[in-house]
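Please open the model in a viewer and keep the selection panel at hand. The stops below are given in the order in which they may be selected.

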Amino acid sequence: MTGEPSTEVIRVEGVSKKFGPVTALADVNLHVRRGEILGLIGDNGAGKSTLIKILTGYHQPDGGRILFEGEPTTLKSVVHARSLGIETVFQDLAMVNDLPVYLNLHLNRELTHRPLPFLRRREMKRRAREALDSIGIDIPSVTAEVGMLSGGQRQAIAVARSVYSQAKLLLLDEPLAAMGAKESAVILRLLRELKQRGDIAIILIAHNYGQVTDVCDRVNLLQHGEITFDRRSADTSVAELLELVNAEYRLDGKH
Amino acid sequence: MSLRPMLLGVMHVKELSILLVTIAAGIYFTVASGAFNSVDNYMTIAQYVAPWSIIAAGQVMLLICGEIDLSAGFVFTLAPFMVMQFFVNGWPLWLALLGAVAVSTLVGVVNGLIRTVLAIPSFITTLGMAFLLQGLVLIISNARPVAAPKDSWVVDVFGGAPWTEFLWAVGLVVVMQVVLSATRFGIHTQATGGNPVGAAESGIAINRVKVVNFAITSTLAGLAGILQGTRVGSYDPTNGGFTTMFFAVASAVIGGTALLGGAGTVAGAFLGALLLGIVFDGFNLTGVSANAFNVVLGAAILLAMVLNVTLIVVRKRVGSRELT
């Protein structure tokens with residue numbers, strides 16, 4: 001934790017993004033290191049989703065720059081960002097209910113008998129089993145259709161998919177939003193385990209500040225397209241975060 | 001352990017129920033009509049089944065990725081006349097045929113591009129294309145049938161020789177089933193229909209998947225039209241159309257394809273076409289009117305949909321009990 005640039009997986013400098021007349025991001029600066037979990041909080045419409053979509057290569061920023069592992073990088077597309085090791089667990093999980101677990105784990109990364117175009121189903125099943133076991137996710141069968149699993153199991157599979165694909169940066173867009181306490185606990189344990197491994201940087205978007213201060217090393221607050229607060233979790237509290245987010249509404253909308 | 005996994009496994013094979021019904025229908029008509037069990041009659045059934053199942057092989061792909069092609073029946077009508085257009089202009093027959101198939105493919109690409117680039121629902125897009133093609137065929141043909149080319153190996157291979165049309169159908173069904181269940185493109189087609197947003201987030205080019213499936217359907221429809229016309233020996237501008245297209249869609253639906261996308265098999269659609277062919281033929285033999293056939297067809301589609309939905313619910317229930 002020396003802050004050397006080499007351990008820094010991603011650094012965002014002065015990134016801005018407009019959609020027509022609407023400024024989604026004004027001037028965003030943030031960074032995450034390997035083995036670190038950054039909590040990103042902010043009210044609805046603060047620009048969290050836009051920022052995630054820029055980091056995944058889905059949107060292109062209008063201004064500013066992004067350094068990936070110290071190198072200025074243009075994230076051209078989702079596929080390009082993934083090829084660099086930027087993985088996202090989207091709110092909707094990007095799961096196909098009609099497909100079995102092992103195919104979802106390999107979605108758009110299906111293994112084939114090259115040069116023949118045919119799927120290597122047995123190998124994908126084996127690797128799926130391995131990937132789930134390696135991070136301690138308990139799914140009875142990799143051939144079960146994802147639609148039959150619980151919300152927590154699906155979430156866990158989505159995380160496993162990202163980890164399995166050797167992510168260097170893992171973005172989690174409100175993974176705990178629609179989840180019960182028991183299921184959340186599974187995901188939080190999973191995140192801690194990933195952090196222990198120390199080879200992956202994680203940005204976690206969440207609304208539950210208790211979970212954020214609990215699992216994240218550092219918290220950033222995004223307000224009106226800017227990071228207005230950056231502090232170690234140990235040096236802040238749920239009360240302070242709530243106060244910060246709610247403060248602007250008490251100033252009778254002067255913003 | 002034994003019963004529930006077995007139950008799950010059996011119900012995974014959606015085709016099984018339709019296969020049983022098809023066999024039952026075959027047995028019934030064998031008993032009910034002396035003429036049913038003969039090579040000649042099987043050939044008649046095969047002639048019904050071939051065009052429906054070839055077009056259905058494409059429609060299944062489209063339905064799975066959440067689209068439909070209402071114009072396929074008129075591509076079926078148009079393609080033979082395109083063969084003649086090229087042929088009378090001095091192209092060798094094999095090249096004329098290839099050209100007609102390419103035109104069919106192009107129609108599908110246009111359908112797909114209008115659907116994806118302009119975001120117009122496929123129901124509307126292909127409805128417009130259907131009428132456009134119908135008018136075009138009538139203009140090209142002067143609304144009159146023409147004799148198909150004769151005396152060429154091309155004619156023999158593409159429908160002229162006995163059973164070739166049906167063999168093409170079987171071959172194309174096998175190929176499309178392999179594409180659907182054993183290639184990345186097949187998985188991407190299922191993902192595109194099952195969860196378009198999620199598929200796109202995973203980097204799957206869902207619009208490209210759709211355009212390719214429109215192209216495949218149209219290509220198959222054109223080929224089916226050429227095969228049938230060549231078998232009959234005459235290209236007829238009143239052939240095909242909405243009737244043929246809807247029989248193909250009915251085959252797909254009866255064979256277990258979900259109209260809302262995500263699931264289905266080409267093999268199931270083939271069995272669906274086979275069932276329709278057997279019942280159609282059986283009704284003819286036993287003297288039941290064509291009107292009654294439509295009643296049965298309608299009921300079969302409704303029953304298939306109800307069965308489909310119920311099976312999904314039951315499987316979910318059995319499955320979740322199994323997994324927790």
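The tour goes from chain B as a whole to its helices, then to the interface and to some backbone details.

This is a predicted model, in which local features need pLDDT of at least 70 and side-chain atom pairs count only at pLDDT 80 or more, while totals for chains, interfaces and linings use all residues. Residues are numbered from 1 along each chain as its sequence is written, and chains are lettered from A and ligands numbered from 1 in the order in which they are written.

**Chain B overall**

Of its 324 residues, 50% count as buried. A residue is buried if 20 or more other C-beta atoms lie within 10 Å of its own, exposed if 12 or fewer, and partly exposed in between, with C-beta atoms placed from the backbone.

**Helix 7 of chain B**

Next, select residues 153-160 of chain B, which form helix 7. Which residues of this helix are buried? They are B:Val154, B:Phe158, B:Gly159 and B:Gly160.

B:Asp151 has a positive phi of about 55 degrees although it is not a glycine, and with 9 C-beta neighbours inside 10 Å it counts as exposed.

**Helices 8 and 11 of chain B**

Now display helix 8 and helix 11 of chain B together. They pack at an angle of about 160 degrees, with their axes 10 Å apart; axes are lines fitted to C-alpha atoms, for helices over the stretch in contact, and angles run from 0 to 180 degrees between N-to-C directions. The two helices are therefore roughly antiparallel to each other, the term for angles over 145 degrees. On the helix 8 side, B:Glu165, B:Trp168 and B:Leu172 meet B:Leu220, B:Leu227, B:Gln228 and B:Arg231 of helix 11.

Stay on helix 11 of chain B and select B:Gly225. With 32 C-beta neighbours inside 10 Å, B:Gly225 counts as buried. Not counting residues up to four places away in sequence, B:Gly225 touches B:Val75, B:Phe76, B:Thr77, B:Ala79, B:Pro80 and B:Gly240; two residues are in contact if their C-beta atoms, placed from the backbone, lie within 7 Å.

**The interface**

Bring chain A into view. Here 21 residues of chain B are in contact with 24 residues of chain A. Helix 9 (184-194), helix 10 (196-201) and helix 14 (290-323) of chain B each give two or more residues to the side that touches chain A. Helix 9 of chain B gives the most, with five residues.

**Two stops in chain A**

Select A:Pro115, in the loop between helix 3 (101-105) and helix 4 (121-134) of chain A. The peptide bond from A:Arg114 to A:Pro115 is cis, with omega near 5 degrees.

Finally, select A:Glu69, in the loop between strand 4 (63-68) and strand 5 (71-72) of chain A. A:Glu69 has a positive phi of about 50 degrees although it is not a glycine, and with 18 C-beta neighbours inside 10 Å it counts as partly exposed.

Note on methods:
Helices (H or I, at least four residues) and strands (E, at least two) are DSSP runs, numbered from the N terminus. Angles under 35 degrees count as roughly parallel, over 145 as roughly antiparallel, 65 to 115 as roughly perpendicular and the rest as oblique.
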